[in-house]
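Please read them with the model open.

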Amino acid sequence: MLILLPPSEGKTAPDAGPALDLGSLWEPDRLTGARRTVMAELAALSAGSEAARVLGLGPRSADDAALNLVLEQAPCAPAYALYTGVLFDAAQMSLLGSSADTREVLRHEVIVFSGLWGAVRATDLLPDHRLSMGVSLPDAGRLASFWKPVLAPVLTKAADGVVVDCRSGVYSPAWQPGPGAQGQLVRVRVVSRRPDGSHAVVSHHAKHTRGLLAGALVRARATSGLPADADVEDVLALAAQIEGVRDGWLGEPDSRGRRDLTLVV
């Protein structure tokens, strides 16, 4: 099983820690070259006057572009501790990382997508930084498009079972399974029920619910409550037990074998 997560804009920068080691990140043989390309272009951009505008930083966060100038000297923390947005908080990622059993699941089965690193394990050590997958760099272009051909062979090989996709927005296009892929992608969709019985897609609460699901999956895998060869029905059954989920169902597979797991909150 793989669990795919987006990163978060919210981060807790470590006060101390080891420096960045690109060779220790997920799939270094295939991804280090692309990571160095993005790092170099990001540093050049972040040193200039257009950094805040291109990176989408507001007046209060404009100075954060300077973080991108010291990526190889800044202290690092595991991705599960660095990212502290709604999804990561709901999953209680820092708590999961404090236990050996759940930390092993984070290491082997949880992949976090990133505009800067492409994709990393939840246990990979990263410095604080500012770069969304939706940014377009002058040479690399839109990062989702830049990373797509780089990540395709890596993720396609790794995704040989159920892949629970908790990504959204600009991170989803960076990798999707191609025709004939071995794994089955389950896209988590969160909706609320209107008074007339119809459903409306929710945004902020969707992150929270996806985080609850991600945390529940990691705990279940660590305690053998969910086998390594779990199928999509097992994921649905676990999702139905999440606090605040009132209903849920699986859609039919599309031409690529992808299915939507819709959760009603």
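1. Aromatic pairs. A search of the whole structure turns up two aromatic pairs. In one of them, the ring centres of Tyr83 and Phe88 are 5.4 Å apart and the planes stand at 45°, so this pair is tilted. Phe146 and Trp147 make an edge-to-face pair, with 5.2 Å from centre to centre and 85° between the planes. The cut-offs are these: rings of Phe, Tyr and Trp (its six-membered ring) pair when their centres lie within 6.5 Å; planes under 30 degrees apart are stacked, over 60 edge-to-face, and the rest tilted. Tyr83 and Phe88 are both buried. Phe146 is buried, and Trp147 is too. Buried means under 20% relative accessible area, exposed means over 50%, and partly exposed lies in between (1.4 Å probe, protein chains only).

2. Basis of the model. This is a predicted model, where local features need pLDDT of at least 70 and side-chain atom pairs count only at pLDDT 80 or more, while totals for chains, interfaces and linings use all residues. Residues are numbered from 1 along each chain as its sequence is written, and side-chain values use heavy atoms, with hydrogens and water left out.

3. A charge over a ring. Which residue lies over the face of Phe113? Arg167 does, at 4.4 Å from the ring centre. The criterion is NZ of Lys or CZ of Arg within 6 Å of the ring centre and within 35 degrees of the ring normal.

4. Helix 1 and helix 7. Two packed helices are described by the angle between their axes and the distance between the axes. The axes of helix 1 and helix 7 (residues 143-158) come within 10 Å and cross at roughly 165°. That makes the two helices, helix 1 and helix 7, roughly antiparallel. Their crossing is left-handed. Axes are lines fitted to C-alpha atoms, for helices over the stretch in contact, and angles run from 0 to 180 degrees between N-to-C directions. Under 35 degrees counts as roughly parallel, over 145 as roughly antiparallel, 65 to 115 as roughly perpendicular, and the rest as oblique. A crossing is left-handed if the near helix is turned anticlockwise from the far one by less than a right angle, and right-handed if clockwise. Contact means heavy atoms within 4.5 Å. Helices (H or I, at least four residues) and strands (E, at least two) are DSSP runs, numbered from the N terminus.

5. Helix 6 and helix 8. The axes of helix 6 (residues 100-109) and helix 8 (residues 204-222) come within 8 Å and cross at roughly 115°. Helix 6 and helix 8 are therefore roughly perpendicular. The crossing is right-handed. Asp101, Thr102, Val105, Leu106 and Glu109 of helix 6 meet Val218, Arg219, Arg221 and Ala222 of helix 8.

6. Val105. This residue sits in helix 6. Its relative accessibility is 6%, so Val105 counts as buried. Beyond its neighbours within four places in sequence, Val105 contacts Val110, Val218, Arg221 and Ala222.

7. Helix 8 and helix 9. These helices pack at about 115°, with axes 10 Å apart. Helix 8 passes helix 9 in a right-handed crossing. Leu213, Ala216, Leu217 and Ala220 of helix 8 contact Val235, Leu238 and Ala239 of helix 9.

8. Val235. Helix 9 (residues 232-239) holds this residue. Is Val235 buried or exposed? Val235 is buried, at 0% relative accessible area. Not counting residues up to four places away in sequence, Val235 touches Met1, Val162, Val164, Leu217 and Leu261. Val235 and Val186 are 49 residues apart along the chain, and their C-alpha atoms are separated by 9.0 Å.

9. Gly118. Strand 4 (residues 118-121) contains Gly118. Gly118 counts as buried, at 0% relative accessibility. Its contacts, leaving aside neighbours within four places in sequence, are Val112, Phe113, Met133, Trp147 and Leu151.

10. Positive phi. Glu27 is not a glycine, yet has a positive phi of about 50°. Glu27 is in the loop between strand 1 (2-5) and helix 1 (28-46), and is partly exposed at 31% relative accessible area. Ser224, also not a glycine, has a positive phi of about 65°. Ser224 lies in the loop between helix 8 and helix 9, and counts as exposed at 65% relative accessibility.
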